[in-house]
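Visitor: I would like to go through this model step by step, from the overall fold down to a single residue. Could you guide me?

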Amino acid sequence: MTACTGEIDDAASAVSEILGQLDIEGNLLKNSAGILTCYAEFIESGVVAELCRALPFEIVGSTTIASAVPGARGNMLLTLVVLTSDDVSFSVGLSGPLSSSGDESPLKEGYDAAVAKAGRPPSLMLSFAPLIMDVSCDFLVEALTRISGGVPNFGMVSVDHNRDYGESQVVFCGQAYADRYALLLVAGDISPNFYTSSISVERVFREKCQVTASKGNLIQMVDGMPVSDYLRKTIGLEVGDDGMIVGINTFSFIMDYNDGTKAVVRSVFAQTPEGYAVCGGDIPEGVTMSVGSIDADGVLSSAEELISSVVEREPNPSCLLMFSCVGRYFYLGYDDMAEMEKVGRFVEGTGIPYMLAYTGGEICPVYTKEADGAVANRSHNVTLVICALN
């Protein structure tokens, strides 16, 4: 089930509106859980806390800059998806405070608590991660993969409408946290399918290189030269009077792990004086890399290509959970609802329940070359990710 409200100031009215859309008494099955995304002011006004108190199941989620469910899309919205089942079960967990990459114990605390409540191994992990500059999304994803033994992990990093994302928070059972990781474990007979789309092949340079030196999210050398030299000499990007690549943050790196999985995109944030590139995620040494770019047309064409493919392949999923990078939202400029409108036109005619929200980082498995549908958990940039729940 899905519901939404634009009522920020009056918590009682907002809760009444949501309850009226859900018809809880007529629709809830044995086990239920909620996924919530909202404009940050819904937390400050008390709407989120009141809604979580009013509903008879646990809710996790995140702030966002814009979101959509069937029949509604916009910036100043609270959107809710309710998952309910007689045989599939749901359990939630909250990490301890996260302060730096390298300490997995707060994540293990939250995951173990959720598993203990479930009483059986999960089939899927739905994640809501905090946006913390000192804690990379790659670390969070890789740590939870180790902790869970490889449970498929799909989710988002919190974001908000402020320039510094200072109000981005994770929601857990009515409370909001800027430094904790909330998760929803789904256990039972489910078959989630995962889809990603980012930069179209037409916007990717044919030249490829190998990362020969890197440190975390810093690419130092490719093919034995500083990455800025490669961009200048091989790709032909312009260099300014200050020695910096012009518009370097308008380009992205498409990263092939060379393990049979789909390539992952990394945004480029800046260039260091040494000629290194600061990226939106870790870049391991040895990966093969190409350079691409995206604009508003690219956002919309990639969204249409992906959602049309998903609707064709998934004739009757229980729900589509979709997260798109906030960078894609900004590329749309004044027409910032265009991607949500594009997706809505394809999905709403099918009657499939869905949620689409913008995120500071996308968490989505990619399929390996194994024939049994095995996946590898990954973090992404500038990407639209979809989980089809079956």
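Visitor: How many helices and strands does the protein chain have?
Guide: The model is a predicted one, and its secondary structure is counted along the protein chain. That count comes to 10 helices and 25 strands.

Visitor: How does the radius of gyration of the protein chain stand against the globule rule?
Guide: For 390 residues the globule rule gives 21 Å, and the radius of gyration of the protein chain is close to that value, so the chain is as compact as a globular protein of that length. Along the principal axes, the C-alpha atoms fill a box of roughly 65 × 45 × 40 Å. The radius of gyration itself is 21 Å.

Visitor: Which residues of α10 are buried?
Guide: Helix α10 spans residues 338-347 and is mostly covered, with seven of its 10 residues buried, in a protein chain where buried residues make up 55% of the 390 residues. The buried residues of α10 are A338, E339, M340, K342, V343, G344 and V347.

Visitor: Is T64 buried or exposed?
Guide: T64 is found in the loop between β3 (58-63) and β4 (67-69). Buried means under 20% relative accessible area. Because its relative accessibility is 0%, T64 counts as buried.

Visitor: Which residue has a backbone oxygen that the side chain of T64 reaches at 2.5 Å?
Guide: Beyond its neighbours within four places in sequence, T64 is in contact with T37, C38, Y39, V159, D160, A357 and Y358. The backbone oxygen that the T64 side chain reaches at 2.5 Å belongs to Y358.

How values were computed
Residues numbered from 1 in each chain as written. Predicted model: local features only at pLDDT ≥ 70, side-chain atom pairs only at ≥ 80, totals over all residues. Heavy atoms only, no water. Helix = DSSP H or I, 4+ residues; strand = E, 2+ residues; numbered from the N terminus. Rg over C-alpha atoms; globule rule 2.2 N^0.38 Å. Buried < 20%, exposed > 50% of the residue type's maximum accessible area, 1.4 Å probe, protein only. Polar contact = N/O pair within 3.5 Å; in protein donor to acceptor, adjacent residues only side chain to side chain. Contact = heavy atoms within 4.5 Å.
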